[in-house]
Amino acid sequence: LGGNGGSDDVIVPGTNSGFAPFEFTQGGELVGFDIDLAEEAISRAGYEVGDWTDIDFKSLIPSLNEDNIDLIAAGMTITDKRQQQIAFTDPYYESNQSVLVSSERDFSPESESDLSGAIVGAQSGTTGEGEVERLVEEGVLDAENVRQYDNYTLAAQDLENGNVDAIVVDVPVAQNFADSRAVEVAFIIETGESFGFGMRQDDDRIQDINDALAEIEEDGTYDDLVTEWFE
Amino acid sequence: MDPIALQAGDWQFVLSNWRYLLLGTAVTISLTATSLALGFLAGFPAGAIEVYGSGRLKSAVSTAGVVLRGTPIVVLMVLVHFGLPIPQLGTLPVLDIQLEVFLAATLALGLRSAAYQGQVFRGAIQSLSEGQMEAARSVGLTRRQAIRHVVFPQAVRRSIPGFQNEFTIVLKDTSVAIAIGLAELLTRAENLYLQPGQGTAVMEVILAISAVYFVLTFTTNRALDYVERRYAVPGGTK
Amino acid sequence: MSLLRVDHVDKSYGEERVLRDVSFEMERQDVEVIVGPSGSGKSTMLRCVNRLTEIDDGEIYLDGEEIHDLDQNDLRRRVGMVFQDFNLFAHRTARGNITLGLEEVLGKSHEEATRVAEDYLERVGLADQADSYPAELSGGQQQRVGIARALAMEPELLLFDEPTSALDPELIGEVLDVMHDLAEEGMTMLCVTHEMDFARSVASTLTVLDDGQIVERGPPEQLFENPEHERTRAFLGDLTDVR
Amino acid sequence: MSLLRVDHVDKSYGEERVLRDVSFEMERQDVEVIVGPSGSGKSTMLRCVNRLTEIDDGEIYLDGEEIHDLDQNDLRRRVGMVFQDFNLFAHRTARGNITLGLEEVLGKSHEEATRVAEDYLERVGLADQADSYPAELSGGQQQRVGIARALAMEPELLLFDEPTSALDPELIGEVLDVMHDLAEEGMTMLCVTHEMDFARSVASTLTVLDDGQIVERGPPEQLFENPEHERTRAFLGDLTDVR
Amino acid sequence: MTATEESSTAPEEARGSTVGELPGRRRLIVGGVGVAFWAWLLTRWAYHNSWVDRLFTAIGLPDLIRSEVPVRLREPWIPAGPFETAGAAVGEFAASLGPASFLIEWLAWLLNVAGFATTMAPQLAAGAFITAYLTILSMLFGLVIAVPLSVARIYGGFILRSLSLVYTELIRGTPLLAQLFLLYFGLGLANDISEIGIVGNGAVPRAAIFVAIIGFTINSSAYQSEYIRSALQSVDDGQMTAARSVGLSKLQSIRHVILPQGLRFAIPGWTNEFVYLIKYSSLAAFITVPELFRRAQDIGSDTFRFTDAYVIVAVFYLALVLTTALAMNKVESVVAVPGVGQSTDRE
Ligand SMILES: Nc1ncnc2c1ncn2[C@@H]1O[C@H](COP(=O)(O)OP(=O)(O)OP(=O)(O)O)[C@@H](O)[C@H]1O
Ligand SMILES: Nc1ncnc2c1ncn2[C@@H]1O[C@H](COP(=O)(O)OP(=O)(O)OP(=O)(O)O)[C@@H](O)[C@H]1O
Ligand SMILES: [Mg+2]
Ligand SMILES: [Mg+2]
């Protein structure tokens with residue numbers, strides 16, 4: 001059970017900002033699609049929303065398992081490997097990976113094979129990094145040319161500064177970067193992955209959250225949020 | 001240098017976020033204070049044990065000291081954060097930090113500082129001449145009384161310069177708490193320039209917070225210089 | 001009964017035998033001066049008496065009681081010590097050096113300790129330096145504070161370990177004067193010193209120690225004029241030459 | 001022409017006038033001894049001659065040339081100096097202390113420098129200590145290396161600033177002997193020393209300095225037997241008493 | 001005129017001593033384990049080093065060196081199996097004992113960590129290689145800057161002195177991490193460095209590492225110069241006077257007399273700084289340098305065994321730090337000259 005010293009009534013959500021528009025800070029405030037959706041789901045499920053914890057992406061799962069947080073809302077893709085560690089709610093978002101390049105340089109790959117020899121980065125612990133690793137294993141990329149970041153914004157920054165040739169990141173986030181920075185989407189890797197909120201495997205409140213998510217989708221709140229954050 | 005450099009708009013951006021950074025500064029100062037306090041409370045007994053203790057206790061203390069001084073602070077910090085079962089303690093309002101993260105950072109910085117302060121204090125005790133102890137014992141003071149009334153008062157004074165060093169080191173190393181996401185000054189700086197569209201302000205933001213760190217170390221060092229002079233034994237070298 | 005009786009005392013540091021079968025007695029009001037070459041064991045002898053060093057064999061009696069049967073801190077209170085390099089508490093004023101023992105060991109009130117301390121400072125001629133820190137005093141003044149500190153505990157026996165040898169020549173006199181007065185007032189004193197004028201005029205007994213053994217012991221006149229042993233003659237001769 | 005001519009030299013430190021209108025001359029092969037109470041300006045006088053200290057007024061001529069017209073490093077090579085506390089280069093052997101100047105200043109090859117250094121060590125009786133570091137030598141040996149180091153540069157004038165006063169009494173003789181030999185070999189020497197036997201037997205001229213002024217100057221016999229000034233009598237009297 | 005008329009303040013220690021004195025027996029143990037550790041580490045490094053690989057190929061040896069194997073695919077030399085089996089066995093035993101088996105559980109954990117350590121080892125060795133050259137190069141470059149810096153501080157005129165003071169105070173007054181961020185994200189230095197063609201190709205390390213070296217060099221030069229300054233000031237004034245009296249110029253005197261002595265006095269402080277830099281090099285992880293700590297993080301996020309990974313990397317750092325301190329002690333006694341710079345408080 002949620003053994004966080006407090007009551008079962010409170011769900012403490014955790015995230016990793018710097019992943020606009022899902023979660024990012026603005027004027028010191030944590031905002032984004034995940035933030036709104038998670039808060040809505042928690043309250044509709046009849047729980048109190050605890051204080052948000054904003055930590056390293058790769059620390060999220062250990063933090064959850066150590067009861068430091070009760071729910072991960074961080075644009076986290078549901079994967080087998082992660083499912084061995086934690087449980088996921090029903091998927092709430094479908095996504096693919098974008099290959100993002102600088103718009104100021106003339107490197108514009110059109111397919112995975114064009115990435116051969118390039119320096120490619122991703123945030124460590126993300127599916128983007130998973131894709132990069134797959135490319136390494138397939139021999140497209142050189143292992144020495146892979147860069148890991150604590151945070152996608154730092155990766156985008158590095159891309160702008162010319163320290164990497166491309167970064168692999170979820171489509172909506174890539175789109176957001178392309179709108180605000182001198183970067184552009186080169187092509188898309190179809191992964192068909194879906195995001196879910198992460199919870200402890202022994203936390204039976206997950207059912208209530210799933211019900212709440214379903215309700216949010218049905219009554220149109222979900223679409224309002226999509227409009228607000230992605231358009 | 002690159003053309004990204006110093007734009008008026010970016011300075012404007014730093015200025016408009018002064019409250020946010022000020023809170024970060026408050027967190028940094030609090031963390032420095034709690035860590036140093038922990039370091040003092042644990043370090044001075046540790047130093048005394050290394051000089052006067054014996055057997056298990058002494059070797060345990062000195063081994064712990066070597067381990068704490070031989071491990072990078074960032075490793076200590078993540079270890080405390082992930083390795084120790086610190087319960088969830090909620091958020092501190094106003095400063096907007098999570099207490100358990102703050103506690104983890106305090107433990108890491110504080111225990112490491114204890115290991116160093118212990119060395120400082122040990123050195124100070126050992127720099128006192130043997131004769132001070134003998135003289136105290138010769139008037140009939142017990143060993144404990146001699147340590148308390150003769151050795152400690154002098155050793156504490158001699159520790160001030162070492163303590164001063166320790167202060168600056170802890171203050172600067174609070175920035176490593178970015179590794180566990182504590183919203184201190186550097187973390188907040190990063191949050192600022194990670195906001196969409198503020199990528200060009202990296203340099204301005206970091207220069208601004210560096211200035212804050214510098215002012216803090218500089219003024220406190222001067223203040224400690226003053227304390228040292230104020231409490232120096234007249235005519236004596238420190 | 002003699003105040004101090006040292007009985008067949010042996011002491012080694014590792015392989016080195018520093019005191020070999022040393023025995024002697026002192027009566028109340030005696031002033032005993034010990035001389036001997038460097039490393040002969042003089043300091044060690046003194047330190048054994050107040051148990052700053054523990055002996056290996058033999059007994060030492062203070063006023064009839066074996067010192068190992070006494071409480072160590074109590075023994076040290078009853079046997080005062082004055083050091084070659086003064087060892088004043090550097091963080092305390094002259095007065096504070098004296099009050100510490102009075103308050104912590106004898107349990108006197110702060111006021112009374114202060115009064116007593118000032119009396120003793122007066123006695124060594126330093127009434128006006130009560131508020132000075134050791135580093136602000138000359139060597140001679142420091143040593144006089146050291147003596148006052150020991151005296152204030154009202155010891156039955158005072159040990160002096162070369163009290164003047166760290167002093168500049170012009171400052172030796174003021175310390176010897178104080179020691180002289182003490183002897184006249186009847187203080188029992190065991191002194192390691194190479195001040196032969198002092199030994200000649202004040203000592204009731206003079207002991208020559210060499211290589212951890214007592215070579216000769218007797219009234220100073222006799223040792224100066226008619227030494228039995230060649231070693232004594234040679235050694236005392238050297239000392240009086242240097243002065 | 002005189003080797004050294006000091007002409008109306010003035011020197012102040014802040015408000016304090018340390019040398020006042022000092023003038024004197026030395027011929028080649030002269031041995032001049034300067035005495036005077038502590039703080040009278042003796043060391044300052046010496047240091048002005050090789051420009052370790054700069055004078056405020058007056059002139060100093062070495063072999064007819066004003067020393068400020070000479071290259072500073074060259075001047076220092078031509079005027080050697082021996083210090084009270086030896087100041088040997090702590091990280092170099094006795095030999096290395098001497099070769100440094102030979103190689104770096106005179107540009108000699110390493111082999112030649114080594115040969116010369118060993119010659120000079122031989123001359124001060126330390127041929128067998130060439131490989132010892134200063135910390136391994138006695139004070140007297142260190143000072144003799146100091147003299148050899150100065151000599152090796154083949155100076156025209158040697159300055160000695162109390163070369164024996166940091167030495168234990170039994171080691172003074174060996175240094176004075178070397179200085180004695182130097183004087184006999186015709187070295188021109190300007191010595192601050194309180195060794196009156198040396199002054200009496202070796203000095204060609206004795207100068208008494210007090211409060212930055214020359215009180216009296218003349219052949220040593222005359223100053224000892226028939227001093228013109230009361231200050232001289234008092235001061236030399238004190239010195240000879242002490243010995 | 002005399003060398004240091006500036007008051008020679010009591011030599012302040014810039015940062016505290018890391019290791020202090022190790023008692024004799026522990027020193028031996030550390031020494032023994034240290035030798036084994038380095039033997040393993042050096043072989044690992046050579047085995048996957050592309051320079052060594054090229055050399056071997058060039059002189060026609062068979063392909064013994066496997067630099068082409070990507071870090072993640074390298075095989076450990078010590079199998080993890082036995083540890084894991086033993087750990088599992090002990091763990092079961094502990095479980096059968098019930099709640100009173102704290103110590104045995106701990107042993108099981110230790111065995112598991114040991115097994116995990118062997119699987120991590122190839123990656124950590126690769127990280128340690130970067131940590132090592134990052135530290136060594138920065139120390140050396142830092143020294144090159146620190147010596148003139150401290151000489152300027154003591155012997156320089158007003159302007160040189162002030163410049164040196166401002167530099168050291170600014171660097172020492174701000175966090176290293178902020179300095180690294182400024183260089184890497186703020187100035188985008190890596191970009192400029194990448195443009196130097198050869199960087200990041202094959203055997204030449206990538207740009208971020210250069211930025212880290214620049215950052216650490218600047219930082220350590222400020223600290224080193226403080227150590228060297230106080231060491232130089234502890235050289236007796238008479239040494240300068242004597243050197244000048246023999247006819248050496250001021251620069252010659254500093255070069256031949258003051259520095260040889262002062263630098264010996266500086267060794268203990270320098271050792272400390274070395275050790276500090278080994279530890280602080282872990283901050284390079286924040287600017288994407290795959291050094292030791294970064295590797296541990298990556299392994300953690302791959303396996304979700306963060307605590308274990310961090311414990312293992314802590315032990316790794318301890319080994320580096322302790323062996324370095326011991327080796328520097330050795331250096332100190334080798335270059336010691338009787339009476340100069342021997343620290344008396346060591347056996
Ligand atoms: N704590 C100690 N450990 C080992 N040896 C010691 C110790 N104290 C003294 N010694 C040795 O015991 C011998 C006698 O020392 P002691 O100090 O009693 O001589 P001393 O007669 O007082 O000489 P001095 O005139 O030099 O003070 C010396 O050889 C000394 O080296
Ligand atoms: N560098 C300096 N700065 C300020 N005052 C100085 C300096 N050097 C010497 N003095 C002062 O100049 C005066 C003469 O000093 P000097 O060392 O020449 O005396 P001295 O005759 O050699 O004395 P001593 O016999 O003690 O060596 C003294 O009052 C001294 O305090
Ligand atoms: Mg003694
Ligand atoms: Mg002088």
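Which elements of chain D each supply at least two residues of the shell around ligand 2? In this predicted model, local features need pLDDT of at least 70 and side-chain atom pairs count only at pLDDT 80 or more, while totals for chains, interfaces and linings use all residues. Residues are numbered from 1 along each chain as its sequence is written, chains are lettered from A and ligands numbered from 1 in the order in which they are written, and side-chain values use heavy atoms, with hydrogens and water left out.

The elements in question are β2 (16–26) and α1 (42–49) of chain D, where helices (H or I, at least four residues) and strands (E, at least two) are DSSP runs numbered from the N terminus. The largest share of this shell, three residues, comes from α1(D). Among the residues around ligand 2 are D:Y13, D:S40, D:S43 and D:E162, a residue being counted as near if one of its heavy atoms lies within 4 Å of the molecule. By class, the shell around ligand 2 holds three nonpolar, six polar and three charged residues; Ala, Val, Leu, Ile, Met, Phe, Trp, Tyr, Cys and Pro count as nonpolar, Asp, Glu, Lys and Arg as charged, and the others, Gly among them, as polar.

An oxygen atom of ligand 2 is 3.2 Å from a polar backbone atom of D:S40, and a polar side-chain atom of D:S43 lies 2.6 Å from an oxygen atom of ligand 2. For D:E162, an N or O atom in the side chain is 3.2 Å from an oxygen atom of the ligand. Taken alone, ligand 2 exposes 630 Å², of which the protein buries 59%, with accessible areas from the Shrake-Rupley method and a 1.4 Å probe.

In chain C, the residues around ligand 1 include C:S40, C:G41 and C:S43. A polar backbone atom of C:G41 is 3.0 Å from an oxygen atom of ligand 1, and a polar side-chain atom of C:S43 lies 2.6 Å from an oxygen atom of that ligand.

Elsewhere, the axes of α1 (residues 8–16) and α9 (residues 202–231) of chain B come within 9 Å and cross at roughly 50 degrees. These two helices, α1(B) and α9(B), are therefore oblique to each other, since angles under 35 degrees count as roughly parallel, over 145 as roughly antiparallel, 65 to 115 as roughly perpendicular and the rest as oblique. In chain A, the peptide bond from A:A20 to A:P21 is cis, with omega near 5 degrees, and A:P21 is found in the loop between β2 (13–15) and β3 (24–26).

How values were computed: Polar contact = N/O pair within 3.5 Å; in protein donor to acceptor, adjacent residues only side chain to side chain. Axes fitted to C-alpha atoms, helices over the stretch in contact; angles between N-to-C directions.
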